[in-house]
Each structure stands twice: as structure tokens, then as C-alpha cells.
Amino acid sequence: MMLTLAAFVLALGLLIAVHEYGHYRMAVACGVKVLRFSIGFGKTLFRWQPKGSSTEFVIAAFPVGGYVKMLDEREEPVASEERHLAFNTQPLRSRIAIVAAGPVANLLLAVLLYAVVNWSGMQLPAAILASPEAGSIAERAGLIGGERVQRAGFDGDELQSVESFEDIRWFLTRGALEGQDVRLVVSGPVGATPSDVLLKLSGMDASEANADLFRKIGIVGPFSRPVIGEVTAGAAADKAGLRNGDVVRQVGSVSIVDGQQLRQLIRASVLNGEAAPSVWKIDRAGTQFDVTVKPEVRQEGELVIGRIGAYVGAIPELVLVQYGAADGLWRGLIRTWDVSVLTLKMMGKMLVGDASLKNLSGPLTIADYAGKSAGMGLTQYLLFLALISVSLGVLNLLPLPVLDGGHLMYYLWEGLTGKPVSDAWMERLQRGGIALLLVMMSIALFNDITRLFG
């Protein structure tokens with residue numbers, strides 16, 4: 001709990017500080033007087049003002065946002081000798097730059113975070129496919145499990161080299177959500193000729209990005225050897241005589257390829273509320289023998305599944321993915337762009353009803369992910385920060401009146417007509433924007449509660 005809270009507060013504070021610092025630095029660069037730079041709202045906890053600076057820096061009690069208060073005639077009287085320092089007297093290009101600088105700062109932070117991860121390197125699962133889910137798109141495409149993916153890309157585009165299983169997962173996510181078919185160049189055993197596999201994702205009903213999405217595609221995780229891990233005393237595996245390190249070669253008449261396939265067979269072993277026993281062929285230190293295993297019946301949500309009380313599948317083969325200075329930065333830029341585009345497309349789909357509103361996440365889900373990613377190590381936490389930073393940057397560029405994008409919309413109108421938006425219209429749009437934002441926040445909070453406590 002403490003780790004989750006600390007990771008969430010740190011993430012929120014950092015992303016808000018970077019966002020507001022973007023506004024602040026651009027305002028100073030454009031000659032605008034900044035009165036206050038605040039992280040959070042409510043009661044002031046810390047306050048300081050550097051010598052020779054006109055800006056008061058504040059950390060407040062509720063770190064759920066922040067603001068940069070600039071000299072502005074619309075908010076309070078401005079002395080004639082300082083009128084040239086007021087925000088509202090600046091040329092249109094300067095006001096646009098100041099408002100856009102916050103979201104841009106978040107996007108640049110994401111580029112840097114992705115680049116840092118690329119430079120430091122990651123141990124990731126190798127690009128070897130597990131057995132596909134029965135009846136899935138991957139199975140219909142001819143995949144059986146154990147194939148190593150060499151290149152991947154969208155059908156019709158130039159294929160890219162694949163470094164790890166995470167590259168494959170990213171292509172599958174984008175392909176499903178954007179309605180594009182994905183082409184893989186795969187090889188089997190050593191010496192096998194690489195072959196093309198087309199995953200027809202364009203016809204999927206991918207309204208929500210969740211685990212079911214990958215089950216429909218059929219590629220849930222990377223390849224892992226069908227090895228039995230830690231066995232729980234008194235559980236089905238223990239009663240059958242299974243031991244840590246046993247390799248499962250066959251279940252009934254089915255030859256076992258990998259851990260994913262074995263897990264599927266165990267889960268599907270329940271029929272009419274009763275788990276059916278089956279004969280397993282086991283390889284233990286080179287000696288093969290048969291055991292009879294009867295899984296235990298367990299309830300998982302609305303499903304009734306089989307369990308054996310043991311870890312199934314070895315740790316996937318890992319590869320070190322690391323890039324040099326220029327390549328790592330470039331890949332960070334490309335990943336930030338891709339995530340931004342995908343985020344905008346998903347928002348557009350939700351707006352027209354082609355994607356589920358369940359994709360919206362609120363503070364509880366973000367806090368949960370912050371804690372989980374921090375528990376997995378610094379690299380995963382940096383990737384989490386990068387993803388949230390992209391989301392914050394894109395969200396603030398949306399043309400909602402209460403957001404930075406709404407102000408940019410006003411300036412677009414001013415640039416086209418030569419006149420600013422009237423105060424009356426500004427007030428109407430602000431009220432509408434607040435109402436819409438409250439609706440979005442309510443839906444996100446409902447989704448949080450459903451995910452975490454439903």
C-alpha cells in the first residue's frame with residue numbers, strides 16, 4: 001500500500017511539475033511576468049521565491065494538478081509600466097507557444113524516458129511464440145507455437161526487425177485497435193526456412209484493450225518450456241506425484257509444445273462441474289513415465305476452470321534489448337509518436353461508439369499500475385511514467401475549453417477571424433467543458449471501482 005501511494009504521488013508530482021514547467025519556461029522566454037508556479041491546490045505546504053525573481057514557487061496540499069499564474073489584465077489590474085509583461089497583451093504566436101508548451105513538455109519527457117530505458121537496456125522475453133489459443137486468429141493462420149519471429153509489420157508496410165516479444169505485443173495491440181492486419185516472418189527449428197504469416201486483425205471487434213483481446217488473437221504470451229515449477233503440498237499436482245522440474249511431454253493423446261498449451265488444457269479440463277483425470281507423460285531427468293492427474297475445480301469469475309496447484313511453464317528465454325545514443329533517442333521519439341496516435345484514435349473511437357468507454361482509466365487504476373510497475377523495478381516504472389506522460393500530453397491537447405487544447409482552439413478562432421472569442425461565449429464554452437470533463441472523470445472513476453473492487 002505504501003509503495004503504491006509513494007509511486008503514485010511521485011508520478012503525479014513529476015508529470016504535473018514538468019507540464020507546468022513547460023508553461024513557465026515558455027512564458028519567461030516570451031517576456032511574460034510569472035507571479036506563481038504551483039504544484040497542487042489548497043493549503044500551501046512549502047513556499048519560496050528565488051532572489052531577484054518575480055515568481056513565487058509553491059507546493060500545495062493536494063497534488064492533483066497545478067498552475068502557472070501570469071500577470072494578466074483579465075484577472076487583476078496591471079500597472080501601465082508592466083502592461084507589456086502581461087499575458088493578454090502578448091502577440092498571438094506567443095500566447096499559442098505558452099499554452100502549447102505544457103503538453104509538449106509532457107511529450108518530450110516521454111521521449112526522454114523511453115530513450116533512457118533504451119539506453120540502459122532491458123531483459124525481455126525472446127520473440128518466440130507460445131501455442132495459440134484454440135480457435136483463435138493465430139491458430140487459423142497456421143501458428144502452432146515455438147516459432148521465432150524475425151520481422152513484423154502491418155500488411156502492406158515495410159516489415160521491421162523484431163527484438164523481443166514486447167515488439168510483437170505492440171504490433172498486435174495497434175493492429176487490433178486500429179483495424180490493420182499484421183504480417184509476421186517466422187522460423188521454426190534451426191535451419192528451417194522463414195515463412196510469412198498473416199494475422200487478419202482488421203475484422204476483429206476490438207472495442208476494449210484487455211486480456212480478452214490477446215486471447216481472441218491467440219497470442220497471449222511468449223514461449224515457455226512445459227516444465228512444472230513449485231508444487232503446493234496436498235494439491236492435485238502433489239497427489240499425482242509431480243515434482244519441481246518435471247517436463248510434461250504429453251497429456252492424454254495430445255503432444256505438449258509449451259507451457260501455454262499445458263495451462264490451456266488444465267483450465268479446460270472441467271466438464272459439467274467435474275475435472276476429468278488424464279494420463280500425463282513426464283520426463284524427469286531423462287527418465288520418462290506416466291502419471292494420472294486430476295485437476296481441482298476452481299471458480300474464476302463466471303468461469304469454472306481446472307487447477308493443479310503448481311506453477312506451470314518455465315521462465316521464458318530472455319534477451320537483452322539495448323540501443324546506442326542516437327538510435328535509443330530515435331526509438332523513444334517513434335514510440336512516443338505511436339502511443340500518441342493510438343491514444344487519439346482510441347479517443348476518437350470512444351467518441352463515436354466504436355470503442356468501449358471501459359478503456360478510460362481514473363486515478364485509482366493509475367495508482368494501482370504505479371505501485372505494480374514500481375514493484376517490478378525501475379525500468380518498468382519509467383515505462384509507466386512515459387505512458388502516463390504521453391496520455392497527459394495528448395489529453396491536454398484535446399479541444400476542450402477547460403484544457404490547454406481549448407485555449408488553442410480559441411486562438412485558432414482569433415487567428416482566422418482577427419477577433420478573440422467574446423466573454424459571453426468563453427463563459428458558455430467553459431461551463432460546457434467543465435461538465436464534459438466531470439462526466440469523463442465520473443466514467444473513469446466508475447471503471448476504476450469496477451476493475452479493482454468489482
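Me: Helices (H or I, at least four residues) and strands (E, at least two) are DSSP runs, numbered from the N terminus. Which one gives the most to the lining of the second largest pocket?

Reply: H7, with 7 residues. Keep in mind that the model is predicted: local features need pLDDT of at least 70 and side-chain atom pairs 80 or more, while totals for chains, interfaces and linings use all residues. Residues are numbered from 1 along each chain as its sequence is written, and side-chain values use heavy atoms, leaving out hydrogens and water.

Me: How many residues line that pocket, and which lie nearest its centre?

Reply: The lining has 29 residues, and nearest the centre are Glu133, Gln260, Arg263, Gln264 and Arg267. (A pocket is an open set of 1 Å grid points where a 1.4 Å probe fits, with protein on both sides within 12 Å along at least five of seven lines; lining residues have an atom within 4 Å of a point.)

Me: Which elements give two or more residues to it?

Reply: Helices H5 (211-217) and H7 (259-267), plus strands S16 (303-307) and S17 (310-312).

Me: New topic: what's the order in the open sheet of 4 strands?

Reply: S5-S4-S6-S7, with antiparallel pairing; a pair takes at least two DSSP bridges.

Me: Why is one side of S5 and of S7 left without a neighbour?

Reply: Because S5 (160-161) and S7 (195-199) stand at the edges, each with a single partner strand.

Me: And how many bridges join S4 and S5?

Reply: S4 (148-154) pairs with S5 over 2 bridges, antiparallel. Ala152 has Gln160 of S5 as its bridge partner.

Me: Which helix packs on that sheet?

Reply: H4 (165-178), which touches S4, S5, S6 (182-187) and S7, contact being heavy atoms within 4.5 Å.

Note on methods
Axes are lines fitted to C-alpha atoms, for helices over the stretch in contact, and angles run from 0 to 180 degrees between N-to-C directions.
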